[in-house]
There are 2 protein chains.
Amino acid sequence: MTIHKGIRTGGRSARVQQSIHEAVKLLLESHDRADVTVPMVAQQAGVTPSTIYRRWGDLATLLADVALERFEPDDKLPDTGSFPGDLMAYAEQYLDEMSSSLGRSMLRDVAASDDSQCAGRCADIITTRLTILTDRAQARGEDYPPPDQVVDRVFAPMVYRIIFSKTAPDVDYVRQLVDQCLSEKSA
Amino acid sequence: MTIHKGIRTGGRSARVQQSIHEAVKLLLESHDRADVTVPMVAQQAGVTPSTIYRRWGDLATLLADVALERFEPDDKLPDTGSFPGDLMAYAEQYLDEMSSSLGRSMLRDVAASDDSQCAGRCADIITTRLTILTDRAQARGEDYPPPDQVVDRVFAPMVYRIIFSKTAPDVDYVRQLVDQCLSEKSA
C-alpha cells in the first residue's frame, strides 16, 4: 500500500483519513509509540482496522504519513537577499526541526516504513524547498549549485548524523557543510 | 534498554541471547516482519517475553540488533594496493550489501529503533572499516582524507539515497562520490 497525495482528495475518503490522522496524534500524546496498535487507532477513529490496513498497509506507514504531514513545506523560507544566506537559514531551520524529538521520530517512522513513496515524500520536502531557493537565486542572477548536489553535500550528512550518530550534529557542523558546498558551486 | 557488546559475554546470558537471535531469524524466514511480535519470538526461543523486554526494550531494537550482527565487519576488505582502489572497492561492496533487501531492512530497523547505541553501532561499522583502509594508506605512505570526511562525502549520501530515494543509487553514482571525495583530500 502506498501513500500518495491523491488519496487526500474526495469528501468521505478525506474525512476518514483526517479522523485517522487525528486519532494517531491523540494516541501519541498519551502513549509510547511502541504501545500504539492498529486496533487502538481504529477504535479511536471509529473505523475498522481493515480500513487502516487497506489504506496504509501497516502501522509504520500510517505513523510515517502522519509524521510527514507535520513537515510539509509551509513556504516560510526566510528571504535573506542572497543564495548563501537563504541556504544557511534553511539548513539551520532543518537541523532545528529534525534534531527535535518530533523530527527524529518523523525520520525514524519514514525510514522504518517499507514504502518508497513515503520515503520519497520525505526527500521531496528538501528538494521542493531547495528549488524555491534556486528559483530565487536565478531571479537574482546569482550562481548556485544544483539542488541534487546540495542534498548530497549538506542534507544527506545532516540526516545521516541525526539518525545514526550517538551525538546530534550542531550548527557549526552544518555551517561547515554549507560553506564547503558553496565553495564548489562551479563544479 | 541499550544494545552493547558487553551483553554478549558470559555463558548463560550469551546462550539466551543466541537462542533469541536464532528465533528472530527463523521467524523472519516464514513471516512478514510486520507480523512478528515479542511473544512469538519468546515462544520460539523458549523464554518469557519479559526476558526480551528487559534486554532490548522493544521489538524494533531486537530486530535492529539481529540485523546488525549480519553486517559486523568480517575483515574481508580487499587490498587493491592503493587507498583510492581500496575505498572504491569498499564503497561498492557497501552499496551492494545495503541496497539488497536484507541491507535495507537492516538500515530501516536500526533507524526505527529509538536506541542511540544501536544506531551508533551501524555508523561504527563504516568508521571501523574506514580506519582499516586509512591505516593501510598510512603504512604505504599515501595521502588520505580523514574518515569523517569520507563518511560525509561518500557514505552519508549513499545511505540517505538508499533509505529515502524512490530509486536506489547505482555504482556510477557511488564512483562519482568517491572521485569527488578523493579530489579534495588535501582539504
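Predicted model: local features only at pLDDT ≥ 70, side-chain atom pairs only at ≥ 80, totals over all residues.
These notes cover the interface of chains A and B, then two features inside chain A.

1. On the chain B side, 31 residues are in contact with 30 residues of chain A. Together the two chains bury about 2800 Å². Carbon and sulfur atoms carry 58% of that area. Three residues deserve a look here: Tyr160(B), Phe164(B) and Lys166(B). They supply 25% of the area that chain B buries against chain A, more than any other three residues.

2. Six salt bridges are found between chain B and chain A.

3. **Which elements build the chain B side.** Four helices of chain B each supply at least two residues to the side that touches chain A: α6 (101–112), α7 (116–140), α8 (147–164) and α9 (171–183). The largest share, 11 residues, comes from α8(B). By class, this side of chain B has 17 nonpolar, five polar and nine charged residues.

4. **The α8 pair.** How do α8(A) and α8(B) lie relative to each other? Helix α8 of chain A spans residues 147–164, and its axis runs 7 Å from that of α8(B). The angle between them is about 90°. The two helices are therefore roughly perpendicular. From α8(A), the contact draws on residues including Val151(A), Ala156(A), Pro157(A), Tyr160(A) and Phe164(A). From α8(B), the contributors include Val151(B), Ala156(B), Pro157(B), Tyr160(B) and Phe164(B). The contact of α8(A) with α8(B) has 14 nonpolar, no polar and eight charged residues.

5. **Salt bridges overall, and one within chain A.** Over all chains, the structure has 26 salt bridges. Among them is the pair Asp86(A) and Arg140(A), at 3.0 Å from N to O. Asp86(A) lies in helix α5 (residues 83–98) and Arg140(A) in helix α7 (residues 116–140) of chain A, so the pair ties together parts that are 54 residues apart in sequence.

6. **α1 against α4 in chain A.** Helix α1 (residues 11–30) and helix α4 (residues 59–69) of chain A cross at roughly 90°, and their axes come within 10 Å. That makes α1(A) roughly perpendicular to α4(A). On α1(A), the contact is made by Gln17(A), Ile20(A), His21(A), Val24(A), Lys25(A) and Leu28(A). On α4(A), the partners are Leu62(A), Leu63(A), Asp65(A), Val66(A) and Glu69(A). By class, the residues of this contact are six nonpolar, two polar and three charged.

Note on methods
Residues numbered from 1 in each chain as written. Chains lettered and ligands numbered in written order. Heavy atoms only, no water. Contact = heavy atoms within 4.5 Å. Buried area = accessible area lost by both parts, 1.4 Å probe. Salt bridge = Lys/Arg side-chain N within 4 Å of Asp/Glu carboxyl O. Nonpolar A, V, L, I, M, F, W, Y, C, P; charged D, E, K, R; others polar. Axes fitted to C-alpha atoms, helices over the stretch in contact; angles between N-to-C directions. Parallel < 35°, antiparallel > 145°, perpendicular 65-115°, else oblique.
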